[in-house]
Amino acid sequence: MGKVPHSLRRRSVLCSLALAAMMTWSMAAQAQGTLQRVRSEGKITVGIHNGAPWGYLGQDGKVTGFSPDLVRAAFEPLGVNTVDFVVADFGALIPGLVAQRFDAVASGLYITSERCKSVAFSDPDLSLRDAIIVKAGNPRRIHSYADIAKSADISIGISRGSANVQNALSAGVPNSKIQLYANTETTIAALIGGRVDAISFSAPTVISILARPNITGLERAAPFQGYLRETGLEAAGYSAIAFRPTDTDLRDAYNKRLVEMKADATLAAIMKKYGFTEAETAPKLSQAEICAGGG
């Protein structure tokens, strides 16, 4: 065989070097943690479910709400100036996070022991209790989950994937009396359409729904008693931001900022903006304590 021309050998070496460089870059990119990527790109992608007051599209088409404001305030000092929000059904948020459709979920997601198996929660930002909406005048006289459980024909609608589902079940409401819906809007429509007698959300969400100018003929059932724990205390949900279990560095960076925002009243100002009161102030519990059944 004849000798390979020098120019061809040189080209072959250059191609090999280029391929090696590309492989090295690819391996480095894969090894790079989400926190590093987010900081280097200055952008984070966050899942929301388009429900007030958590995270929703305003009349101007821009994403607003408690959770988006919280995420922006938390990550901006870290050099993350762009937050891309992806709207999904509430029940699809955690699957979407796991599937890497977004880097975090910021949508009033409650910390629960079951969810703790799938995601890495931040420490809590709010403490919230269940409330229900009924037709004006509360014709079925519903004032507790117990009232629904003991009635022969009262049914309740709840958004699929929400912590309220487990609270209702724990309070003795059978599955047959619970109708699950894809999101807040379809849950409200079920009550208006007479398909259920009540709908359950967190108290702030109920307040937000009833404040809408197009909502008439509905009211908040008061008083209302949710699920009572064995301690005799009413169950409260603790909302937080969810991250992938492999992204604890991103979660820890957020937690550090959350401590700072609680101390400098940034969190309090965001709470007030969206109608939350001191009663919704998160307790001094870590996500680990809540995941373990504390609180």
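This is a predicted model: local features need pLDDT of at least 70, side-chain atom pairs count only at pLDDT 80 or more; totals for chains, interfaces and linings use all residues.

Reader: Which contents does the chain have in terms of helices and strands?

Author: The chain has 11 helices and 13 strands. Of its 295 residues, 47% are buried. Among contacts with a separation of 6 or more, 72% are between residues 24 or more positions apart. The chain exposes about 14900 Å², and carbon and sulfur atoms supply 54% of that area.

Reader: How is a sheet to be read, and in what order do the strands of the open sheet lie?

Author: Strands of a sheet pair through backbone hydrogen bonds, in either the parallel or the antiparallel sense. Here, five strands form an open sheet in the order β10-β9-β11-β8-β12, with mixed pairing. Its edge strands are β10 (178–181) and β12 (218–220), each of which pairs on one side only. From one strand to the next, the twist averages 30°.

Reader: Which strand pairs with β9 over four bridges, and in what sense?

Author: That strand is β10, and the pairing is parallel. Within this pair, Ser159 stands opposite Tyr181 in β10.

Reader: Which residues of β9 point one way, and which the other?

Author: Ile156 and Ile158 point one way from β9, while Gly157 and Ser159 point the other way. All of these residues are buried.

Reader: Which helix lies across the strands of this sheet, and at what angle to β11?

Author: Helix α7 (residues 184–192) lies across β8 (130–135), β9, β10, β11 and β12, and runs at about 150° to β11. Helix α8 (residues 203–210) also packs on the sheet, where it touches β8, β11 and β12. The direction of α8 makes about 120° with that of β11.

Reader: Is α8 largely enclosed or largely open, and why?

Author: Six of the eight residues of α8 are buried, so this helix is largely enclosed by the rest of the structure. The buried residues are Ala203, Pro204, Thr205, Val206, Ser208 and Ile209. The elements that cover them include β7 (126–128), β8, α7, β11 and β12.

Reader: How is the packing of two helices described, and at what angle do α3 and α9 pack?

Author: Two packed helices are described by the angle between their axes and the distance between the axes. Helix α3 (residues 66–75) and helix α9 (residues 248–263) pack at an angle of about 100°, and their axes are 9 Å apart. The two helices, α3 and α9, are therefore roughly perpendicular to each other.

Reader: Which residues meet where α3 and α9 pack?

Author: From α3, Leu70, Ala73, Ala74 and Phe75 meet Leu250, Tyr254, Arg257 and Met261 in α9. The residues of this contact comprise seven nonpolar, no polar and one charged.

Reader: Let us turn to single residues. Is Lys262 buried, exposed or partly exposed?

Author: Lys262, which is found in helix α9, has a relative accessible area of 37% and is partly exposed. Not counting residues up to four places away in sequence, Lys262 touches Pro124, Leu267 and Ala282. Lys262 and Ala282 are 20 residues apart in sequence, with a C-alpha to C-alpha distance of 9.7 Å.

Reader: In which helix does Ser170 lie?

Author: Ser170 lies in helix α6 (residues 163–170). With 34% relative accessibility, Ser170 counts as partly exposed. Ser170 and Gly226 are 56 residues apart in sequence and 9.8 Å apart in space, C-alpha to C-alpha.

Note on methods. Residues are numbered from 1 along each chain as its sequence is written. Side-chain values use heavy atoms; hydrogens and water are left out. Axes are lines fitted to C-alpha atoms, for helices over the stretch in contact, and angles run from 0 to 180 degrees between N-to-C directions. Angles under 35 degrees count as roughly parallel, over 145 as roughly antiparallel, 65 to 115 as roughly perpendicular and the rest as oblique. Contact means heavy atoms within 4.5 Å. Ala, Val, Leu, Ile, Met, Phe, Trp, Tyr, Cys and Pro count as nonpolar, Asp, Glu, Lys and Arg as charged, and the others, Gly among them, as polar. Buried means under 20% relative accessible area, exposed over 50%, partly exposed in between (1.4 Å probe, protein chains only). Accessible areas come from the Shrake-Rupley method with a 1.4 Å probe; for residues, only the protein chains shown count as cover. Two strands pair if DSSP finds at least two bridges between them.
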